[in-house]
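Dear colleague,

Please find the structure below, handed over for your use.

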Amino acid sequence: MTVSLIEQAKIQAEVLVPLVKALQDELGEARANDLVRRALGDIYRRYGEAFRRTKPDADVGTILASAFKTYSRGGALDYSVVEQSPDSFTIDVTACQYATFYKALGEPELGFLLVCAADFPVAEGIGGGIELERAQTIMQGASHCDFRYRRRALDRGA
Amino acid sequence: MKPMTTEQDVPISHLQRRKIEGRVLIPFIEACRERFGDAVTRDLVVTTIRRLAADDGERWAQTFGPQIAGLRKVAEDVWAGGGSPEVDVTAETTDRLEFNVTRCRYAEFYQELGLADLGALIHCSRDHAMIAGFNDGLELVRTQTLMDGASHCDFRFRRKS
């Protein structure tokens, strides 16, 4: 049994949170966050690519349903699937232990930067024209996160 | 900052924690290096890592006792737990603990990635700060490490004179 993603995120937070804060002190928040987004963006894009290689033929709904099972392990997320089809995956996340964890630290902005922001490069890495739209998150104080994954029309039927 | 670790769904060894941490830390440090150069990055990382290591030292002192016997438990149970470094104790008194580490999976992890210099920074540099948190009356003298390519690490902990 491997270590769940939520446990991994907590271990990584232990060193990332003080490091990113030190960087913010040094550079100012905007420049520091930009650097962090880019550095982590590369990692998470590669995660998305690696995940795609495990399911080369899966459609949008199938591959993302599987991704969210991984994210949720250890009771990390509660969510309801609004729509799942070959071209879309729409869910509302109603409880998030990643957010609970960062809020307990008093650092939801860092949580957004280090956890929520990863969903976009992961989607890019999965590829196949998948796009994520998300207007709100629990980390930012909303009642739920509204994940809307769609396959761009251009890439459909490819 | 308070320790953040909570209940775990599976027991996580020290080696596993360091590897999980390395997965984000390595690219993060590389991005900083590209942007600001080695010296600034080194400063930033070492300051942060040392603080965390001192916290580890304090916690281990509470768990195992802040004396030489407790330190030996740290080396053998925490560091070598899950079969990581092979620890060969050559001397133990109430004032000193000497051991050589002849195999280190932490070093192997970084060397396989071709990043032994980062390993020294992220991993080996912790030990001096750790002992300060563990027991301020003790110090570590170490002249070589596996991470740097030596045949073994020569850990010499002793009471400060």
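Helices (H or I, at least four residues) and strands (E, at least two) are DSSP runs, numbered from the N terminus. With that convention, α1(A) provides the largest share of the lining of the largest pocket, namely 6 residues. A pocket, on a 1 Å grid over the protein atoms alone, is an open set of points where a 1.4 Å probe fits, with protein on both sides within 12 Å along at least five of seven lines, and lining residues have an atom within 4 Å of a point.

This is a predicted model, in which local features need pLDDT of at least 70 and side-chain atom pairs count only at pLDDT 80 or more, while totals for chains, interfaces and linings use all residues. Residues are numbered from 1 along each chain as its sequence is written, chains are lettered from A and ligands numbered from 1 in the order in which they are written, and side-chain values use heavy atoms, with hydrogens and water left out.

Confidence

The predictor assigns the complex an ipTM of 0.82 and a pTM of 0.82. Chain B has an average pLDDT (the predictor's confidence in each residue, from 0 to 100) of 88, and 91% of its residues score at least 70.

The largest pocket

The largest pocket holds about 1,000 Å³ of space, the volume being the space filled by probe spheres set on grid points that are joined across faces, edges and corners. Of its 41 lining residues, A:Leu5, A:Tyr44, A:Tyr47, A:Tyr71 and A:Tyr98 lie nearest the centre. Elements that each supply at least two lining residues include α2 (29-54) of chain A and α1 (14-36) of chain B.

The sheets

In chain A, 4 strands form an open antiparallel sheet in the order β1-β2-β4-β3; strands pair if DSSP finds at least two bridges between them. Its edge strands are β1 (77-85) and β3 (130-134), each pairing on one side only. β3(A) and β4(A) run antiparallel and are joined by 5 bridges, and A:Glu133 has A:Arg148 in β4(A) as its bridge partner.

Chain B likewise has an open sheet of 4 strands in the order β1-β2-β4-β3, with antiparallel pairing. At its edges stand β1 (86-92) and β3 (138-141), each with a single partner strand, so one side of each is left without a neighbour in the sheet. Strands β2 (residues 96-103) and β4 (residues 153-159) of chain B pair over 6 bridges, and B:Asn100 stands opposite B:Asp154 in β4(B).

Yours sincerely
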